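The following exercises are meant to be worked through with the sequence and the model at hand. Each task is followed by a solution that goes step by step.

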There are 2 protein chains.
Amino acid sequence: MFIINTVLKLNRTMAKKPGIPKGTRDFSPSEVARRQYIMQTIRKGFEHFGFHPIETPSFENYDTLMGKYGEEGDRLIFKILNSGDYLSKVNDEVLEERSSQKLTPYISEKALRYDLTVPFARYVVQHQNDIEFPFKRYQIQPVWRADRPQKGRFREFFQCDADVIGSTSLWQEVEFVLLYDSIFTNLGVHGVTIKINNRKILSGIAEVIGAKDKLIDFTVALDKLDKIGEEGVRKEMEEKGITPEAIDKVSPLFNLNGSFTEKLEQMTQMLSASEEGMKGIEELQFIYNEVESVGLKSANFKLDVTLARGLNYYTGAIFEVAAPDTVQLGSIGGGGRYDDLTGIFGLKNMSGVGISFGLDRIYLVMEELGLFPETVNASSKVMFLNLGSAEMAYSLKAAMQLRELGIKTELYPDNAKIGKQFQSADKKGIPFVVVVGSQEMETQSYTLKNLTSGEQETLSFQQMIERLQ
Amino acid sequence: MFIINTVLKLNRTMAKKPGIPKGTRDFSPSEVARRQYIMQTIRKGFEHFGFHPIETPSFENYDTLMGKYGEEGDRLIFKILNSGDYLSKVNDEVLEERSSQKLTPYISEKALRYDLTVPFARYVVQHQNDIEFPFKRYQIQPVWRADRPQKGRFREFFQCDADVIGSTSLWQEVEFVLLYDSIFTNLGVHGVTIKINNRKILSGIAEVIGAKDKLIDFTVALDKLDKIGEEGVRKEMEEKGITPEAIDKVSPLFNLNGSFTEKLEQMTQMLSASEEGMKGIEELQFIYNEVESVGLKSANFKLDVTLARGLNYYTGAIFEVAAPDTVQLGSIGGGGRYDDLTGIFGLKNMSGVGISFGLDRIYLVMEELGLFPETVNASSKVMFLNLGSAEMAYSLKAAMQLRELGIKTELYPDNAKIGKQFQSADKKGIPFVVVVGSQEMETQSYTLKNLTSGEQETLSFQQMIERLQ
């Protein structure tokens, strides 16, 4: 009994040591400030381009999410346990089987959002009568995945998506390239590469090599061209069962070079026998011409025929954004066109196209390149020290006026030793401190100390504002 | 077999009709815009007063949340089902019992955040070595409760909290009153009433009536004074077992009137025998004096000795904010001081004080009073119509410049009938439409139509900007 009690106590003590579930994160004030800065910049970009925000619930009905992301996706969806006596709805037979997979639908009828696309499709179908199409929506919300956590991969993370639904116009694709360029430019992330491909080109290649089912193998092999060279790629393709004759037909792919248009010309010769392939080339040429005509501010725009993100999902353009060359981080955004987004919920023939920004990776890029403006921090601008009640009353009045001017202002709450108060401001990264003693009160002034330079001045209220603004 | 197939098909068709879990909400673009406006105003207020944002994960470890909100709270916490073969960790004995309550800890080790206070306490303890105290944090995030949904009560809703932890200074209470006033003033919600009480006064009353255990009954009865009069209240108190003699001792409570200070004077006579009660009066007097000295911009500040929110939780000041009298909506904010917030996680003697804003209710108040500025909407400012490819290319260049100036601009993506395009802009609530045809292109001009007034002008780019800004 004594041992049991001790174990229980130990358990209780251990349980008290607080932590958070693996794959999740606490964000400190400075991290929140930086994340907000990125999100606000993306939000503004979306809005200037005419996208409007929606928000959907964190959890959806079980049936809304299940079966939409493949078997692996189903497994990675966080299910919410029903409230109350959930077992009362489970019959003995099901329980005795002891199959977690079979039991789940009986004890869970809700699940956490896995991405923003399926909830968006559900939203469009549910509210179709209130929506004016084409509908340009953006959505910035967290999603949850029961993935194995690893560096840069979390179980809770934000997605930032913009989509247009209800139009097949290629002007959307043009606008999305401009939007990527605009937002990354505004973030100060110059030199990203916006890669584009078209599912129709991939289909055309499959047609030419006479092996639609081998397209993924083919694309995966082709993607290694930089690393293993033409011989290596050919070898891998042959191993996957693609004949040398078929490979020869698309051999221009091994030597694609030159400008966007030059690459397209080389592709044209190769895909001339495929109607779909030619359509893909035509679409890419249109997008390229119009983007070129407006001009990009800081991004590169590149044709990448190996790009195949979510191959079975996209039906037209495929986008991916690579971080600037100086940072080894891979993709920081992506998207594409999908011809039947809402079909799963019963609304047919709704073509959509959209892009996504990878918040966490963009954060890492900006941190690595030192791109966060100095003004983006969570510190107050100024702290009034506390030298006593009368002094605090005098200070508070001034503080309220500074706050109305938009200056982040705090007052040290306790009448602690002055050294401790200075230290506190310093540790919090507050650049200015105001000292108000009896002398300042008599002369209606404020002693302002710049903690960075050490400079100290006794000022009128108006002068203090000028220094702080 | 035929019947089964038909049933399966029916099920599949029915499953397709999309909806969302009860108690949750989709937010349309205009709703998101208005909610963002409120949240941004609150966020700015918090920051100007020197509060810094943190964010915590949507789900916490099961043990972090359970047992912190009472039995009822435990029941209302949404638990997340473990991933994978969660039943493998359950032994036969537990399963055969068929007790949902007993099974839960075996199949769930995470739960959705129920409020922001417990995660904040956990955060402070976990990161105590990185935090400079007193720590002023704010947090604006959703919480989830498996409450029975009803009008104005949801299963997912945002909380907006600001707290200071690590100081017992009453200047914090003063600042929180000013903060409430400042934020509601900035939202345009004038005439809210900030009610204050002090737990020590309630303890003093209990001491005087000689019945600490009857304090809740006493407070509930006293709260009905307006409705049932002094006689009614006395009767209810006696029914609850409070003696007439005890009631007589605190009879000034039935006739509290006059200013804040006058009320305090009446309380002083009544509570003079209670040291704790007198301390409460002293604290309130200090807070009142300092608030009065700075002055409130639009709120009323009122002593309400019946105020007892979360009685067992608060140890000092208790706050509640009532909507302006013209709106019947009850409390739109509340808070108070708690002397041992982090003790549950092993960090003792951390006094905290905080306030909360009720986003959903504030939204309803602002909607009812028509307080959302016209500029807060999700519509684009201008739409360029699509009269063909050359016209679109010309328009897109202009659109990009407008966007850079911060003007929300969209282009109609398809070359549809002009009437349909006008209609679309109108339905979307876009106030301006630009028509570019061959004539405009030749003369480097733009025809701008104001959809509200019907006015139409052909303008240079510079003139168009002036109209739109």
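**Exercise 1.** How many bridges join strand β9 of chain A to β10(A), and do the two run parallel or antiparallel?

*Solution.* This is a predicted model, in which local features need pLDDT of at least 70, side-chain atom pairs count only at pLDDT 80 or more, and totals for chains, interfaces and linings use all residues. Residues are numbered from 1 along each chain as its sequence is written, chains are lettered from A and ligands numbered from 1 in the order in which they are written, and side-chain values use heavy atoms, with hydrogens and water left out.

Strands (E, at least two residues) are DSSP runs numbered from the N terminus, and two of them pair if DSSP finds at least two bridges between them. Strand β9 (residues 317-322) of chain A is joined to β10(A) by 5 bridges, and the two run antiparallel. Within this pairing, Phe319(A) stands opposite Gly335(A), while Ile318(A) has Gly336(A) as its bridge partner.

**Exercise 2.** Which strand is joined to β10(A) by 6 bridges?

*Solution.* That strand is β11 (residues 352-357) of chain A, which runs antiparallel to β10(A); here Gly336(A) stands opposite Gly354(A).

**Exercise 3.** Why is strand β10 of chain A largely enclosed by the rest of the structure?

*Solution.* Of the 8 residues of β10(A) (residues 331-338), 7 are buried, so the strand is largely enclosed; buried means under 20% relative accessible area, with a 1.4 Å probe and protein chains only.

Definitions and conventions. Buried means under 20% relative accessible area, exposed over 50%, partly exposed in between (1.4 Å probe, protein chains only). Helices (H or I, at least four residues) and strands (E, at least two) are DSSP runs, numbered from the N terminus.
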